[in-house]
Amino acid sequence: MMRVFIADDEAPARERLKELLQDIAAEVPTSVVGEARHGLEALERVPQSGAEVLLLDIEMPGMGGLEVARHLAGLERGPSVVFVTAHERHAVEAFELNALDYLLKPVRAERLAASLKKAAAVGAPAPEQLERAAAAPREYLSVVERNRIFLVPVREIVFLRAEQKYVTLRTRAREHLIEERLPVSRRQWPMVRALIP
């Protein structure tokens, strides 16, 4: 049975997905292991849920789905991600993530079943794929400790220092080690500029 987590800021959308999952249970047996109303809540709950697949809305208050997926990619056993959104304009970004699928609301049962099968076969997206797809500057960097994700707001970062495969991230309060590379391409420089006070 596939363990599914649903993250969407609209309660009717979450209920619709649960109904669809029941409708396709004979073809793709699933168990809903959690729900979140916004991106920050998803980051808090998904790692502990044991979810294999995350049905993730792209436009949510606080933190959008692309950034949520980027942070979850740091987990050792992160879930596969299927984006679910009402906006076609995100399709290109979503398909740049090769390993992910993209469902347009209102979602149809047969399309959801196909996405779940694909997500289960492909696995979680690579951080590099997520980095290419996200056009907006990042608001947070993530620190993964003991299968939990801690978010550090970019505006609180004093400096970043690369040391072999790790990056030391320093805020006024403390230091963190992250396993992300510092941006090196011209396309990634907006993130660097955003980090410089």
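Trainee: Which residue of β2 does A7 stand opposite?
Mentor: A7 faces A36 in β2. Strand β1 (residues 2–7) pairs with β2 in the parallel sense over six bridges. Strands here are DSSP runs of E with at least two residues, helices are runs of H or I with at least four, and both are numbered from the N terminus. Two strands pair if DSSP finds at least two bridges between them.

Trainee: What kind of model is this?
Mentor: This is a predicted model, with residues numbered from 1 along each chain as its sequence is written; local features need pLDDT of at least 70, side-chain atom pairs count only at pLDDT 80 or more, and totals for chains, interfaces and linings use all residues. Side-chain values use heavy atoms, with hydrogens and water left out.

Trainee: Back to the sheet, what is the strand order?
Mentor: The open sheet has five strands, ordered β2-β1-β3-β4-β5, with parallel pairing. β2 (30–36) and β5 are at the edges with a single partner strand each, so one side of each has no neighbour in the sheet. From one strand to the next, the twist averages 25°.

Trainee: Which strands does α1 lie across?
Mentor: α1 lies across β1, β2 and β3 (53–57), and runs at about 175° to β2. Helix α3 (residues 65–72) also packs on the sheet, where α3 touches β3 and β4 (80–85) and its direction makes about 150° with that of β3. For these angles, axes are lines fitted to C-alpha atoms, for helices over the stretch in contact, and the angles run from 0 to 180 degrees between N-to-C directions.

Trainee: How many residues of α3 are buried?
Mentor: Eight of the eight, so α3 is largely enclosed by the rest of the structure. Buried means under 20% relative accessible area, exposed means over 50%, and partly exposed is in between (1.4 Å probe, protein chains only). Among the buried residues of α3 are E67, R70 and H71.

Trainee: And how many residues of β4 are buried?
Mentor: Six of the six, so β4 is largely enclosed by the rest of the structure too. S80, V82 and V84 point one way, V81, F83 and T85 point the other way, and all are buried. β3 and β4 run parallel and are joined by five bridges, and S80 in β4 is the bridge partner of V53.

Trainee: New topic: at what angle do α1 and α5 cross?
Mentor: The axes of α1 (residues 11–23) and α5 (residues 109–122) cross at roughly 80° and come within 9 Å. That makes α1 roughly perpendicular to α5 (65 to 115 degrees; under 35 is roughly parallel, over 145 roughly antiparallel, and the rest oblique).

Trainee: Which residues make the contact?
Mentor: L17, L20 and L21 of α1 meet A109, L112 and L116 of α5. Contact means heavy atoms within 4.5 Å.

Trainee: Where is P106 found?
Mentor: P106 is in the loop between β5 (101–104) and α5. The peptide bond from K105 to P106 is cis, with omega near -5°.

Trainee: Last one, what is L40 in contact with?
Mentor: Setting aside neighbours within four places in sequence, L40 is in contact with M63, Y140 and L151. L40 lies in helix α2 (residues 39–49) and is partly exposed, with a relative accessible area of 34%. The C-alpha atoms of L40 and G62 are separated by 7.0 Å, although these residues are 22 residues apart along the chain.
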